[in-house]
Amino acid sequence: MYYFDNSATTPINEKVLNLIIKTQKDIYGNASSIHQLGRKSKSTIEKAREQVANAIGANPDQIIFTSGGTESNNQVLWSRLGKKKNHIISNTIEHPAILKVLEKLSSFGIKHNLVSVDEKGTVSIDEINAAISTNTGLISIMLGNNEVGTIQPIKKISQLCIEKEVLIHTDAVQCLGKIPIDVKDLGVDFLSLSAHKFYGPKGIGVLYIKNKNLVSPFLIGGHQESGLRAGTEDIASIAGLGLAAELVTSKIDDHMTKLNNLENKFKTGLISFFPQAIFNGNPDNKLPGLISVSFPGFRSDILMAKLDRAAIAVSSGSACGSGDIKPSTILAEMGINNETNISTLRFSFGSTNSSKEINVLLNTLQLILN
Amino acid sequence: MQHISVGMSGGVDSAVAASLLIEKGYNVEGIFMKNWEDDSNYCTAETDYKDALQACDALGIPLRSVNFSKEYWDRVFKHFLEEYKNGRTPNPDILCNSEIKFKEFLNYAINLGAEKIATGHYVRQKFVNGEVQLLKGLDLNKDQTYFLHGLSQHQISSTIFPVGDLNKKQVRDKAKKLGFNNFNKKDSVGICFIGERNFKEFLQHYIPAQPGNIISENGKKIGRHDGLMYYTLGQRKGLGIGGGYSEKNDAWYVFNKDIKNNELIVCQGNQNPALYHKYLSASKINWISNKCPNKDRLTAKIRYRTLDAPCKIIDLNDDDIIIEFDHTVFAASPGQSVVFYDGEICLGGAVINTAFN
């Protein structure tokens with residue numbers, strides 16, 4: 001299998017997997033128990049919390065573990081319920097874990113505005129500024145887009161937020177290990193991460209919270225995670241997440257260089273035999289290794305099926321429950337016409353890919369496109 | 001070996017069709033087709049997809065998905081609504097076959113490198129002198145030629161119908177033996193995109209209802225209807241009128257719709273001559289062989305799962321056809337199809353416009 005769908009999910013790092021197995025087996029105490037086994041579990045969790053905090057320039061007490069990016073996003077947005085300043089500003093190319101939640105919150109009286117993006121997928125700060133009203137309480141803009149890789153000007157938006165006394169959340173699920181993340185430098189109040197996007201396990205994620213008074217628990221029950229996320233902790237997954245975060249950020253320069261090299265090799269190779277290829281997103285400010293390409297005159301579902309036959313995994317548009325592909329709403333919001341939209345594939349490279357694999361990909365594509 | 005794409009619906013027939021082709025040594029892939037976007041709980045696409053995936057996993061073949069909901073909307077559903085607005089009773093499944101399954105899907109499969117497609121329809125085909133004939137399925141109770149009469153030579157010859165020689169029980173037994181989860185899934189009935197939901201509610205969503213009077217055959221106003229589009233000629237149930245309007249207490253039947261005055265005309269008793277006609281005219285003719293059969297005596301079905309009625313063509317031009325039946329037929333409904341047969345051969349069909357005596 002040639003796996004070029006790392007933005008969907010990444011294969012688990014071998015060291016992380018071994019740690020999970022070992023933890024699952026040996027560290028089975030309930031972290032809320034005060035006996036030796038419980039204490040061992042507790043310290044395992046706290047070690048991971050420190051690893052995550054280090055990976056994003058936070059303090060450990062600003063980190064809570066959730067079930068993933070979706071839950072982290074939900075927690076931040078639902079926390080507006082019952083707040084006086086409850087108007088939310090987001091944008092049209094967020095993940096459904098933001099957009100669908102906002103839709104749902106409307107029925108609870110929480111209003112929102114979605115600002116548009118330009119043809120490269122970048123939000124306009126002026127438009128955000130214009131959308132801020134006296135009861136705006138939160139702005140949520142993703143750090144790097146999952147389909148086209150465009151990086152948003154979060155730092156500038158957070159400066160605006162300080163001026164206007166509005167909280168800012170960023171969904172950074174696609175970003176850890178691909179660009180340096182420092183929450184202080186970004187100036188955000190909340191940030192979401194998901195372990196399976198950086199060679200960790202599925203079903204575990206992170207919410208960074210600058211100040212714990214700023215959110216309410218989303219899952220209510222026991223006092224775990226400072227009362228902000230009830231439920232017995234999945235210690236093995238948390239340990240795996242911690243290690244994965246440490247591994248991907250401790251050698252981030254190598255990882256970024258590798259992704260950039262793979263991307264350049266792929267793009268150059270593709271243009272050499274298919275010059276009409278269109279690269280979507282912002283070429284000057286994007287996540288490395290995530291490439292959205294339109295193949296004018298071709299249907300993405302046909303291309304995908306042919307690549308699949310050659311054991312090459314890529315993705316396209318937004319797949320739904322019955323496996324079919326609809327035109328991408330993100331590309332549509334960027335003003336890309338329907339024809340180009342449905343000719344688009346996403347290639348996303350990762351640490352396990354090699355230059356040789358890119359050759360296989362290019363050769364196969366050349367056969368299919370000719 | 002030939003590469004065949006099987007249209008996998010999630011049902012037992014297409015799953016068994018795929019297995020039969022694999023046994024014959026073909027290189028088989030499944031393709032799941034989604035033709036309808038729906039957020040409501042009625043939509044069974046996801047369940048159907050899971051069933052299709054399970055069958056493909058059991059057979060060890062890949063399953064791909066394709067979405068034709070835009071094409072379906074533009075070319076089938078719009079026409080469906082238009083027909084209902086005009087007080088007719090369309091059959092979207094017939095149009096879906098000629099416009100989507102055996103056109104869009106066929107092209108898609110060919111694009112993917114398939115030489116032919118296959119489906120789980122209970123029909124057979126026979127090649128005679130370089131021409132392909134569409135034959136009834138051996139299980140006459142399941143025969144689906146009625147729905148495929150609009151296909152062309154190219155469409156039929158590009159398709160394999162592996163279950164046409166089997167009966168439903170054989171298909172289900174085989175599915176069970178192969179470990180398909182859908183082996184006892186009940187047959188889909190009715191219009192695919194409406195599924196099990198209330199037909200009236202569904203239609204109301206798209207066409208505003210215009211209630212009006214129900215008029216008896218002798219001109220008496222005897223009740224109110226909710227909108228002509230909800231009624232089909234020959235319909236008995238759901239009229240909301242009891243007996244008591246005449247000496248007889250026979251049930252009431254719809255025998256006409258007066259579109260201009262928005263009136264539903266009903267008569268009493270299922271033997272009422274007003275419900276029976278000897279002639280009908282139809283248009284949008286398709287002859288599978290591309291030419292009118294040079295036969296005097298044919299049989300025809302004016303709805304699915306009825307006995308063939310002996311008839312002859314008494315007038316025919318490019319666009320219209322007039323049929324005379326040996327014996328009168330019950331409630332021929334405008335918008336439905338009349339499908340012609342010569343024994344087991346399906347010759348083609350047309351869309352009914354009027355029935356008369």
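Modeller: Let us take domains, a sheet and a helix in turn. Keep in mind that this model is predicted.

Biologist: Let us begin with domains. Into which domains is chain A divided?

Modeller: Chain A has domain 1, made of residues 2-9 + 251-369, and domain 2, covering 14-250. Notice that domain 1 of chain A is written as two stretches of the sequence. Between the centres of these domains of chain A, taken over C-alpha atoms, there are 27 Å.

Biologist: Now a sheet, please. What is the order of the strands in the open sheet of chain A?

Modeller: Read across the sheet, strand by strand. The seven strands of chain A follow the order β2-β8-β7-β6-β5-β3-β4, and their pairing is mixed. At the edges are β2 (63-66) and β4 (112-115) of chain A, each pairing on one side only. From one strand to the next, the twist averages 20°.

Biologist: How do β3 and β4 of chain A run, and how many bridges join them?

Modeller: Strands β3 (residues 87-91) and β4 of chain A run parallel, joined by four bridges. To find your place, look for A:Ile88, which stands opposite A:His112 in β4(A). Helix α4 (residues 96-106) of chain A packs on this sheet and touches β3, β4, β5 (136-140) and β6 (167-171) of chain A. The direction of α4(A) makes about 145° with that of β3(A).

Biologist: And how do I read a helix?

Modeller: An α-helix has 3.6 residues a turn, so residues three or four places apart point the same way. Our case is α1 (residues 12-23) of chain B, whose 12 residues reach 17 Å from first C-alpha to last, close to the expected 16 Å.

Biologist: Is α1(B) mostly covered or mostly open?

Modeller: Mostly covered: 10 of the 12 residues of α1(B) are buried, including B:Val12, B:Val16 and B:Leu20. The elements covering the buried residues of α1(B) include β1 (3-8), β2 (27-34) and α2 (45-59) of chain B. Just after α1(B), B:Gly25 takes a positive phi of about 95°.

Notes
Residues numbered from 1 in each chain as written. Chains lettered and ligands numbered in written order. Predicted model: local features only at pLDDT ≥ 70, side-chain atom pairs only at ≥ 80, totals over all residues. Helix = DSSP H or I, 4+ residues; strand = E, 2+ residues; numbered from the N terminus. Expected span 1.5 Å × (residues − 1). Buried ≥ 20, exposed ≤ 12 C-beta atoms within 10 Å, placed from the backbone. Contact = placed C-beta atoms within 7 Å. Domains from an automatic or database assignment. Pairing = 2+ DSSP bridges. Axes fitted to C-alpha atoms, helices over the stretch in contact; angles between N-to-C directions.
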